[in-house]
Amino acid sequence: MALRTSPEVGGMGHSLKRKEDPRFIRGKGTYVDDVQLPGMLYLDIVRSPHAHAKIKKIDSTKALAVPGVLAVITGEDLAKYNLHWMPTLMSDTQMVLPVEKVMYQAQEVAAVLATSRYAAADGAAAVTVDYEPLPVVVDPKKALQPGAPVLRTDKKDKKDNHIWHWEWGDKAATDRAFTEASVTVKEDIYLPRIHVASIETCGCIAHFDKIDGKLTVWMTTQAPHAIRTVFALVAGHVGLAEHKIRIISPDIGGGFGGKVPVYPGYVIAVAASVLTGKPVKWIEDRMENLQADSFARDYHISAELAARQDGTLTALRIKTIADHGYADAAANPSKFPAGLFHVCTGSYDLKSAHIEVDGAYTNKPPGGIAYRCSFRVTEAVHTIERMVDLMAHQLGVDPADFRMKNFVKPEQFPYKSALGWEYDSGNYAGALRKAMDTIGYAELRREQAEKRKRGVLMGVGISSFTEIVGAGPSKHFDILGLKMFDSCEIRVHPTGKAIARFGTKSQGQGHETTYAQILAEELGIPANDIQVEEGDTDTAPYGLGTYASRSTPVAGAAAAVAARKVRDKARKIAAYLLEVAEDDLVWEPGKFSVKGAPGKSKTIQDIAFAAYTNHPQGMEAGLEAVSYYDPPNLTYPFGSYICVVDIDSGTGEVKVRRFVAIDDCGNIINPMIVQGQVHGGLTMGLAPALFEEISYDEIGNIRGGSFIDYLLPTAVETPKWETGHTVTPSPHHPLGAKGVGESATVGAPAAIANAVVDALWHLGVRHVDIPITPAKVWKLLREKGVKE
Ligand code: CDP
């Protein structure tokens with residue numbers, strides 16, 4: 001995209017340095033835990049050692065004797081106010097604190113309120129709970145079998161652990177296509193439980209002011225407005241009305257979906273503050289964060305792909321069991337219990353597809369958040385990219401050629417997928433070709449053939465993913481009934497500087513910079529003259545928040561639309577000042593000039609001043625606008641990633657030697673920030689591919705509940721990412737932009753998994769579930785008779 005503004009103005013396409021970084025790199029950010037209020041109390045939580053157990057007794061005597069401990073809060077206490085259960089985002093229910101039984105290891109059992117964090121922790125350790133263990137259900141497949149212990153005994157009519165059945169697509173046509181297919185492949189793919197592990201854990205400070213009856217909550221939330229409404233709906237009966245609730249999301253140290261849900265700790269802190277009239281701080285520790293907050297993935301997928309003999313793909317059929325833990329607390333749009341999993345036909349022109357998903361209750365933490373992805377799109381991408389690779393290998397066709405043959409072609413856009421999505425734009429072959437040229441694909445294949453003769457294990461893996469971001473068009477997308485629009489409000493001050501507020505909330509993505517750039521592009525006001533604010537429900541316009549890479553597609557579009565409204569008014573003022581008709585004016589970023597007389601012009605700064613000092617009579621003073629943007633469609637960013645792995649046949653270690661990522665997010669606002677997003681996203685894609693997993697033993701003990709065995713990649717394990725891009729603008733977004741924050745996390749794991757299988761295919765290996773640990777590969781190699 002050609003630059004329309006100077007570096008000084010810093011509109012779209014300029015790699016402006018991030019405005020937020022001076023405070024972050026100096027350690028001057030304000031995170032929830034930095035907020036200190038006079039008289040503040042502290043909360044710590046007692047958690048269950050059992051995965052399923054009846055609570056016989058909670059004894060608080062010793063805890064109350066700890067100096068500084070003021071109260072021990074139990075489910076019985078909350079039950080008096082009907083606050084011991086709360087609704088989840090998927091209209092299920094989950095406990096705030098239990099009254100009868102616990103449902104997973106690390107579940108909240110009681111909370112201790114104290115005058116210091118240390119006293120609260122000592123108090124929590126001193127609470128004694130008498131449990132009676134109950135049978136534990138860990139495996140969702142067993143959970144769905146007849147005779148499995150029914151977990152949700154709180155639901156009077158519930159006789160099994162089945163949450164919902166959801167299916168999409170044309171079953172008859174898909175079955176027919178499979179009957180007619182010349183070649184089919186089938187694979188069971190498990191995408192394990194993982195956890196986002198943001199640098200900052202979750203927490204809040206709830207401050208109920210008894211004098212004015214107002215509750216202010218500083219909170220690690222990605223969606224402050226939605227939280228305010230949910231609080232008002234859930235706690236209205238105890239007197240919390242929405243105008244008396246203020247949610248403030250200060251700086252946030254990474255969200256990645258994990259800071260969308262409402263966790264019990266938030267609710268307990270609010271209840272404690274309302275009861276005491278004091279500010280109450282709750283900050284979870286690292287292990288609580290890993291063990292009890294919402295997980296991601298945990299999809300048991302069984303997929304089949306059909307093709308004609310000539311390699312033309314025809315149909316996709318998927319059955320999935322979704323393990324939701326003991327409650328369906330997934331962060332999904334209401335209509336889609338399996339999120340956007342039905343974008344699983346990916347970048348390929350499949351004529352028919354059918355998917356079925358069944359949700360299951362187990363004795364694990366509730367959730368089902370996206371882990372830097374747009375509501376289950378990673379699960380969809382991983383499935384289709386693994387299956388396409390499997391089919392290519394099965395047919396003996398190069399996986400790149402096979403993709404090229406089956407891609408949706410540029411001239412097919414807007415493209416209606418077999419599962420009903422309308423892809424806005426794309427050029428999949430262009431991105432793959434660029435990735436192949438960058439990495440030297442043909443040469444790598446020659447090297448691989450030569451090494452294979454010598455028994456050296458090397459693989460090349462491709463992932464040509466399509467994302468689906470920007471939830472969403474309100475006709476299809478809501479969360480708890482709240483339509484998924486987003487907003488921007490701009491006020492231009494008399495001296496030409498501006499403030500803009502948004503319904504989204506950055507957690508490190510750089511919105512203060514990029515939103516200012518959008519406004520600079522549209523208004524010609526330098527980005528550095530525009531202050532961007534988010535995250536305070538008392539000041540920002542209502543919006544649904546930041547997750548699923550929706551900020552640019554939705555709030556970014558709102559920024560453009562609001563700016564254009566400002567410009568429309570500015571045009572009227574300019575016409576008045578220049579004494580010409582509006583139609584006689586031409587706009588270039590930053591000024592209106594008279595057609596044919598470029599010397600006669602008014603800058604946006606002149607106009608802003610006039611809006612307050614010399615506006616036309618009959619026109620309202622001021623220069624401001626607000627937009628609540630309801631996108632007509634989602635945006636479909638895409639990319640092609642190629643990964644080269646070397647596998648040590650002695651240890652089973654997989655080394656990512658090279659990784660080329662070509663992304664297309666349409667028009668780019670800030671190239672440096674986009675590159676940063678891709679780098680971070682790739683590392684968060686490497687993580688589940690090779691390292692991260694949370695699993696449970698047969699009695700529900702968590703494995704992977706601390707950083708000792710929940711492995712995060714460090715700089716040492718992270719390869720040098722080679723990034724590039726193509727630009728295919730979104731035809732419906734006002735700026736032609738698509739989201740990008742999650743693309744790399746969505747696309748990367750399949751490229752790595754495909755590379756590993758590619759390295760081992762000749763040995764008879766057809767699939768390896770992620771994380772592909774050295775132990776897994778070592779075992780496979782030994783099974784296949786490879787000598788150490
Ligand atoms: O919703 P979230 O901010 O996580 O995701 P996003 O909309 O993909 O944006 C992530 C960051 O990349 C933001 O700072 C965007 O403004 C920036 N971005 C960009 O500069 N150009 C794009 N086409 C898309 C995103």
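R23 counts as partly exposed at a relative accessibility of 25%, partly exposed being the range between buried, under 20% relative accessible area, and exposed, over 50% (1.4 Å probe, protein chains only). The structure is a predicted model, in which local features need pLDDT of at least 70 and side-chain atom pairs count only at pLDDT 80 or more, whereas totals for chains, interfaces and linings use all residues. Residues are numbered from 1 along each chain as its sequence is written, and side-chain values use heavy atoms, with hydrogens and water left out.

The side chain of R23 meets that of E512 in a salt bridge at 2.8 Å, N to O, a salt bridge being a side-chain nitrogen of Lys or Arg within 4 Å of a carboxyl oxygen of Asp or Glu. This pair links distant parts of the chain, with R23 in helix α1 (residues 21-25) and E512 in helix α14, 489 residues apart; helices (H or I, at least four residues) and strands (E, at least two) are DSSP runs numbered from the N terminus. E512 is likewise partly exposed, with a relative accessible area of 22%.

Salt bridges number 49 in the structure. In the one between R317 and E304, the closest N and O atoms are 3.0 Å apart; R317 belongs to strand β16 (residues 313-323) and E304 to strand β15 (residues 296-307), 13 residues apart, and both residues are buried. For E653 and K655 the closest N and O atoms of the salt bridge are 3.9 Å apart, and E653 is partly exposed at 35% relative accessibility. A network of salt bridges links D92, R152, D154 and K155.

The domain assignment, automatic or from a database, gives domain 1 (21-26 + 486-629) and domain 2 (398-402 + 425-469 + 634-788), whose C-alpha centres lie 40 Å apart. Contact, defined as heavy atoms within 4.5 Å, involves 19 residues of domain 1 and 17 residues of domain 2. The buried area, namely the accessible area (1.4 Å probe) that two parts lose on being put together, summed over both, is about 1,200 Å² for these domains, with carbon and sulfur atoms giving 63%. In domain 1, S549, T552 and P553 lose the most area to domain 2, together 37% of what that side buries.

Across this interface the rule finds 0 salt bridges. The elements giving two or more residues to the side of domain 1 that touches domain 2 are α14 (511-523) and α15 (551-578), and α15 gives the most, with 7 residues.
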